[in-house]
Amino acid sequence: MPLSDFQTVIGLEVHAQLLTQSKIFCGCSTAFGAEPNHHTCPVCLGMPGVLPVLNQRVVEYAVRTGLALGCTVKPTSVWSRKNYFYPDLPKGYQITQYDQPICEWGELVIDTPSGEKTVRVRRIHLEEDAGKSVHDASASGGQSLVDLNRAGVPLMEIVSEPDLRDADEAVEYLKVLRDVLVYLGVNDGNLEEGSFRCDANVSVMPKGSTTYGQRCELKNLNSFRFLKQAIEYEAARQVDVLESGGKVDQETRLWDVNKGITRSMRSKEDAHDYRYFPEPDLQPLIVSDALRDAQAKSLPELPRAKRTRFMGQYGLPAYDARILTAERPLADFFEACAAHVSDAKKLSNWFLGELSRLLKEEGTPLSALRFTPAQLGELLATVEKGTVSANAAKDVLGEMFRTGRAPADIIAEKGLAQVSDVGAVEAVVDDILAKNAGEVEKYKAGKKSVYGFFVGQVMKAMKGKGNPGLVNELLKKKLGD
Ligand SMILES: Nc1ncnc2c1ncn2[C@@H]1O[C@H](COP(=O)(O)OP(=O)(O)OP(=O)(O)O)[C@@H](O)[C@H]1O
Ligand SMILES: [Mg+2]
Ligand SMILES: [Mg+2]
């Protein structure tokens, strides 16, 4: 059977680092970039005789996420020990949640080419991160060092059901999930730096089958592009294995960025390999009604709801609304500006075009913008009135962006105002037509191509500042069109 006769099945496990200032079971800082092993204490170093104390903020963030994804938030959940040996895991176990996670059964709606799709979220659980091994690969070195700054940093694992059916759906799910977490303020959404990580479980089955194939778990997917490439490569690999009479082994495979392939890292452990058992040093985790209600009350409007509202309230196409609502600061700034303009679609065009270009080019965060929503409103009004051309307005916006000066001042100083005075433009039009009587004759005799010549002459005489709409209107009138 060719590749096209197989169906890919994907489930994602997402590890999101929670944006707390201190670690999950001790008071050490979670700040990035400190000298190795400086953010450590006896608790996160796994010294004997110490006891973990749960960071309450971690619970709040997990509950908030669970509510946003429509999960059942469990009043009681349980901490477990997941035992394994690794140099960056000094305790020899990771405190995590296993059979009784804090949240279960939610969903995330994504867009696919064939419409909306609801992807089930099976569980959300909390756990501590491990440390980091730093391997010296040089010929002379060959040492491995351990940095435990990250040990004990709070992670939230969000596990989807195997509901995704191709790489694009997986990428879409991951993007939508990331936007939600960033909206909630629980995660910074940074794939490259690893504070938002994703493992992809991939299997294939003959189309039409209802029995899933054996899955492989893919790691090292630190960009949306790698996620897509890795899933596509892996699905094709599994089909090859099956087609050549083999069977897919359950294993953990690593995405090799340079070669563009996945390769086997280890055969996948089963749960019993980890000897999970309830963590004796921590009480069951109780989520009170009060805590849950407080989180429910403070939930922000989420991207999808905001998108729908933007389409209705501002009459925007879905495409615009999605881009404008992907990040909360951008959506907020758009709304602040929309209060100062009459045509929200025109405003959206500026946001998607010139403004996003400037933001990208200058690397400025929205929070550091120098001009105010009212000033952007003013600029759009001057374009509307024909005081400046759309092109000149781009220059004005660039200047506002860099200096925060008022649009009127910039227009005056740079002499960008268009001439929209009927009398003034008419005088120039009359003059040009009079000077080019021969061409006017030809035009009237049917040689319509000289029209552009008249426009050019008028504009030249007005140093490019004639209001183009008015110039055209008057020319046509005088030429008898
Ligand atoms: N046949 C399958 N094909 C593709 N994905 C699958 C299949 N079966 C399960 N999955 C997905 O695999 C993931 C399993 O994640 P889960 O965290 O439950 O267990 P795990 O990977 O065994 O544990 P660990 O957290 O130790 O990696 C889920 O996202 C699930 O949807
Ligand atoms: Mg998992
Ligand atoms: Mg897994």
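I began with the shell around ligand 1, to which strand E1 (6-17), strand E10 (154-160) and strand E11 (196-206) each supply at least two residues. The model I am reading is predicted.

I checked which strand gives the most to this shell, and E1 does, with five residues. I then listed the surroundings of ligand 1 and got 16 residues, the closest being Gly11, Asn201, Ser203, Tyr212 and Arg215. Sorted by class, I have seven nonpolar, five polar and four charged residues in the shell around ligand 1.

Next, the whole chain. I note 15 helices and 16 strands as the secondary structure of the protein chain. Its radius of gyration is 31 Å, whereas the globule rule gives 23 Å for 481 residues, so I record the chain as more spread out than a compact globule. Along the principal axes, I find that the C-alpha atoms fill a box of roughly 95 × 55 × 55 Å.

Last, a helix pair. I looked up helix H12 (residues 422-435) against helix H14 (residues 451-461): the two pack at an angle of about 125°, and their axes are 10 Å apart. For the contact I wrote down Val428, Val429 and Ile432 from H12, and Phe454, Gln457, Val458 and Ala461 from H14.

Notes. Residues are numbered from 1 along each chain as its sequence is written. Chains are lettered from A and ligands numbered from 1 in the order in which they are written. This is a predicted model: local features need pLDDT of at least 70, side-chain atom pairs count only at pLDDT 80 or more; totals for chains, interfaces and linings use all residues. Axes are lines fitted to C-alpha atoms, for helices over the stretch in contact, and angles run from 0 to 180 degrees between N-to-C directions. Helices (H or I, at least four residues) and strands (E, at least two) are DSSP runs, numbered from the N terminus. Two residues are in contact if their C-beta atoms, placed from the backbone, lie within 7 Å. A residue is near a molecule or strand if its C-beta atom, placed from the backbone, lies within 6 Å of it. Ala, Val, Leu, Ile, Met, Phe, Trp, Tyr, Cys and Pro count as nonpolar, Asp, Glu, Lys and Arg as charged, and the others, Gly among them, as polar. The radius of gyration is taken over C-alpha atoms; the globule rule is 2.2 Å times the number of residues to the power 0.38.
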